[in-house]
Amino acid sequence: MNAELDRLLARVLAKIDTDDPRLAEIIRAAVTHLHAFVREVSPTEAEWLRGLDFLVRTGQKCSATRNEFILLSDMLGLTSAVDEVAHPGPPEATPSSVEGPFHSPAPPRPLGAMIAEGPELGRAEPTFVHGRVTDCTGKPVPGATVDVWQADDAGYYDTQDDEQPPGNLRALFTVGDDGRYWFSSVLPSSYPVPTDGPVGELLTALGRHPMRPAHIHYHVEATGFRPLTTHVFVAGDEYLGSDAAFAVKDALVVEPRRTRDGVLDFEFDIRLVPA
Ligand code: BEZ
Ligand code: FE
């Protein structure tokens with residue numbers, strides 16, 4: 001107990017004077033938790049300034065194509081925590097997962113298109129990806145849009161790699177009356193999140209690896225349904241149990257199967273929740 005700290009917190013909370021009740025609730029909770037943190041940790045002034053310097057450098061690392069704060073939130077499991085509270089879904093629905101920092105507008109492509117158009121084509125395992133977009137009872141959702149993006153076999157997105165043509169390994173599909181989507185690609189690989197900034201320093205200091213298990217990102221939209229942002233993960237990946245972004249859910253892990261003509265077949269059905 002520290003009566004001076006109690007009085008200080010009460011005085012800060014008393015300054016919250018807004019007509020917006022949600023803003024008041026959020027700031028009250030944030031201030032209360034941050035004061036509790038200071039009480040618990042008793043930081044020295046040098047430690048506190050070091051923490052603030054870390055946040056300043058995190059902001060300075062941000063640019064039009066990089067958001068180090070989102071990465072920090074991802075690496076601390078906070079993005080997944082927000083995802084969990086923001087998207088409660090029935091157990092029959094496909095679970096959501098974090099968007100990550102690498103989404104960019106995808107080229108619309110016809111169903112069945114090959115989305116791998118870069119140097120990965122000659123190197124990586126050809127993979128046929130397909131599934132159905134349905135409601136939670138299994139009824140097709142015609143006209144749903146399926147936006148997919150993935151890294152190549154070296155772990156890079158087109159936006160990080162001059163060797164890949166723009167829009168490589170990305171596509172926006174519109175499903176037909178049967179709700180089906182299908183496309184050809186290459187098997188993604190596990191890859192490290194960017195480590196050349198303050199978040200990378202933090203991972204190193206904490207003895208953590210920066211790896212994400214191999215995955216394909218999805219953003220699915222359809223009239224009358226909640227938009228869904230999620231991933232499908234490749235079963236067997238060595239990082240499934242230690243994803244740096246804490247984004248793996250069991251229902252999102254799929255085993256690729258070898259077809260008779262030697263191609264890998266990767267099937268991921270999507271069950272949407274009504275809006
Ligand atoms: C990604 O999968 O694109 C990603 C997600 C969270 C942090 C970094 C990368
Ligand atoms: Fe990713």
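# Aromatic pairs and an iron site

Q: How many aromatic pairs does a search of the whole structure find?
A: The search finds six. The model is predicted: local features need pLDDT of at least 70, side-chain atom pairs count only at pLDDT 80 or more, and totals for chains, interfaces and linings use all residues. Residues are numbered from 1 along each chain as its sequence is written, chains are lettered from A and ligands numbered from 1 in the order in which they are written, and side-chain values use heavy atoms, with hydrogens and water left out.

Q: Why is the pair of tyrosine 157 and tyrosine 191 called edge-to-face?
A: Rings of Phe, Tyr and Trp (its six-membered ring) pair if their centres lie within 6.5 Å; planes under 30 degrees apart are stacked, over 60 edge-to-face, the rest tilted. Here the centres are 5.6 Å apart and the planes stand at 90 degrees, so the pair is edge-to-face.

Q: What parts of the chain does this pair link?
A: Distant ones: tyrosine 157 sits in the loop between E2 and E3, tyrosine 191 in strand E5 (residues 191-192), 34 residues apart. Strands are DSSP runs of E, at least two residues; helices are runs of H or I, at least four; both are numbered from the N terminus.

Q: What makes tyrosine 157 and tyrosine 191 buried?
A: Buried means under 20% relative accessible area, exposed over 50%, partly exposed in between (1.4 Å probe, protein chains only). Tyrosine 157 has 0%, so it is buried. Tyrosine 191 has 3%, so it is buried too.

Q: What makes the aromatic pair of tyrosine 181 and tyrosine 218 edge-to-face?
A: The centres are 5.8 Å apart, with 70 degrees between the planes. Tyrosine 181 lies in strand E4 (residues 180-186) and tyrosine 218 in strand E7, 37 residues apart. Both tyrosine 181 and tyrosine 218 are buried.

Q: Which residues coordinate the iron ion (ligand 2)?
A: Tyr157 (OH), Tyr191 (OH), His215 (NE2) and His217 (NE2) do, at 1.9 to 2.1 Å. Donors are N, O and S atoms within 2.8 Å of the metal (3.2 Å for Na, K and Ca); water is not among the atoms, so sites may look incomplete.

Q: Why does the pair of tyrosine 191 and histidine 217 tie together separate parts of the sequence?
A: Tyrosine 191 lies in strand E5 and histidine 217 in strand E7, so the pair joins parts that are 26 residues apart in sequence. Both tyrosine 191 and histidine 217 are buried.

Q: What order do the five strands of the open sheet have?
A: The order is E3-E2-E7-E8-E9, with mixed pairing. Strand E3 (170-174) and strand E9 (253-254) are the edges, each pairing on one side only. Two strands pair if DSSP finds at least two bridges between them. Six bridges join E2 (residues 145-150) to E7 (residues 215-221), which run antiparallel.
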